[in-house]
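The notes are grouped by topic.

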Amino acid sequence: MSEQNKDLHPLTKAVRIQTPRSFQMEHSTPLFVTSSFTFEAADDMRGAFADENDDNIYSRFSNPNVDEFVEKMVALEGAEAGFAAATGMAAVFGSMFALLKQGDHLLCCSSVFGSTFTIVTKFLPKYGIACTLVPANDKAAWENAVQPNTKMIYLETPTNPQLEIIDLAWAGAFAAKHNIILNVDNCFATPLLQNPIAYGAHLVVHSATKWIDGQGRVLGGVVVGRADLIKEIYLFCRNTGPSLSPFNAWVLSKSLETLDVRMQRHCENALKVATALEANNKISWVKYPFLPSHPQYQIAINQMKAGGGIVCFELKGGIESGKAFLNSLKMLSMTANLGDTRSIASHPASTTHSKLSEAERQSVGITPGLIRISVGLEFVDDIINDITQALENC
Ligand SMILES: *Cc1c(COP(=O)(O)O)cnc(C)c1O
């Protein structure tokens, strides 16, 4: 980072951090679409390989567009260092596999993103890494699950899709007490609404595909945190290869310039949608972190600046109503992504979680009539009207 950026507010850094200008004096960052970088002398190249300098060698290791994106994320999360990966899952996977080894134990929140659930229950055990799943808000269960070989705690807050909130101050103290690495998936909150590192998290992972890109264009992921841990993750990833492409990094870095204003509007719209739905007689409950009816409302307002862009609710009519709801929408998109400018509706029981048994769905909080809305940036009355008219057919 240039000296002149050093003392700026993180929000300014998200706008102003930029790779050094080329002789063309471009205002926006250029795209460095190159697999490798050249050297003028053999000794310079030797020095780069010997880690004597920060010269770029090969884009699997580093690239100016990727570095710019990472530097902004490090500033926004208040981290020491970071590494960007091709997808959110590559960041999650890298953060676990780089730091855990055979014989280690992982403590994981039971309601985590589907592919994360698959990694910790199917792949980690294959390599001799045990995992205990713990209900998000059962503090006694977390405490009882700690073993002498527990090396990492992994959690999401808010959780997907149930929007449970885990007390980060509690989690930070819990990890410190047992001297365990605390790794938090901060995807739903974004660094604008909550900074887990401030509460004692050692690592923060993101799917940049969601709110960070925010426009449904590219996949990306990032892990930021303590420098010694990031170094291990970097060495693992630079050799195993899940590097972020320069083009995607360029898109994501530009997106960070507008993340703050976008999130403000997403949150404002989401609170209005949640409030409007609370009175609807087709649904049994609405969940949104900043609604006073949310079970962890107090924790949410303490640790988050706003409630985020996801609202979920339960249709009284169960699984058939879920399908009828989706079929009755006129504007909201039926698609697997979230965190887009365009509002999205999904029905986990008939889609993402349809392969699970009813009992398995219950255990991860997927009820039959659960609908998840990713609230976009359309004029809010249009979003509410579309949801309300679709509910009439449920
Ligand atoms: C989408 C998502 C991921 C995975 O990110 P990809 O970019 O799709 O690989 C991880 N965690 C959460 C909470 C997500 O929503």
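In this predicted model, the buried residues of helix 15 pack against helix 11, strand 8 (283-287), strand 9 (310-315), helix 13 (318-328) and strand 12 (370-374).

**Helix 15**
- The buried residues of helix 15 are V380, I383, I384, D386, I387, Q389, A390 and L391.
- Its twelve residues should span 16 Å at 1.5 Å a residue, which agrees with the 17 Å between the end C-alpha atoms of helix 15.

**Crossing of helix 11 and helix 15**
- Helix 11 (residues 259-278) and helix 15 (residues 380-391) have axes that come within 10 Å and cross at roughly 30°.
- This crossing of helix 11 and helix 15 is right-handed.
- Helix 11 contributes N269, K272, V273, A276 and L277 to the contact, and helix 15 contributes V380, I383, I384, I387 and L391.
- By class, the residues of this contact are eight nonpolar, one polar and one charged.

**Strand 5**
- Strand 5 (residues 181-185) has five of its five residues buried, so it is largely enclosed by the rest of the structure.
- I181, N183 and D185 point one way from strand 5, while L182 and V184 point the other way, and all are buried.
- Strand 4 (residues 150-156) runs parallel to strand 5 and is joined to it by five bridges.
- I153 has L182 of strand 5 as its bridge partner.

Technical notes:
Residues numbered from 1 in each chain as written. Predicted model: local features only at pLDDT ≥ 70, side-chain atom pairs only at ≥ 80, totals over all residues. Heavy atoms only, no water. Axes fitted to C-alpha atoms, helices over the stretch in contact; angles between N-to-C directions. Helix = DSSP H or I, 4+ residues; strand = E, 2+ residues; numbered from the N terminus. Left-handed = near helix turned anticlockwise from the far one by under 90°. Contact = heavy atoms within 4.5 Å. Nonpolar A, V, L, I, M, F, W, Y, C, P; charged D, E, K, R; others polar. Expected span 1.5 Å × (residues − 1). Buried < 20%, exposed > 50% of the residue type's maximum accessible area, 1.4 Å probe, protein only. Pairing = 2+ DSSP bridges.
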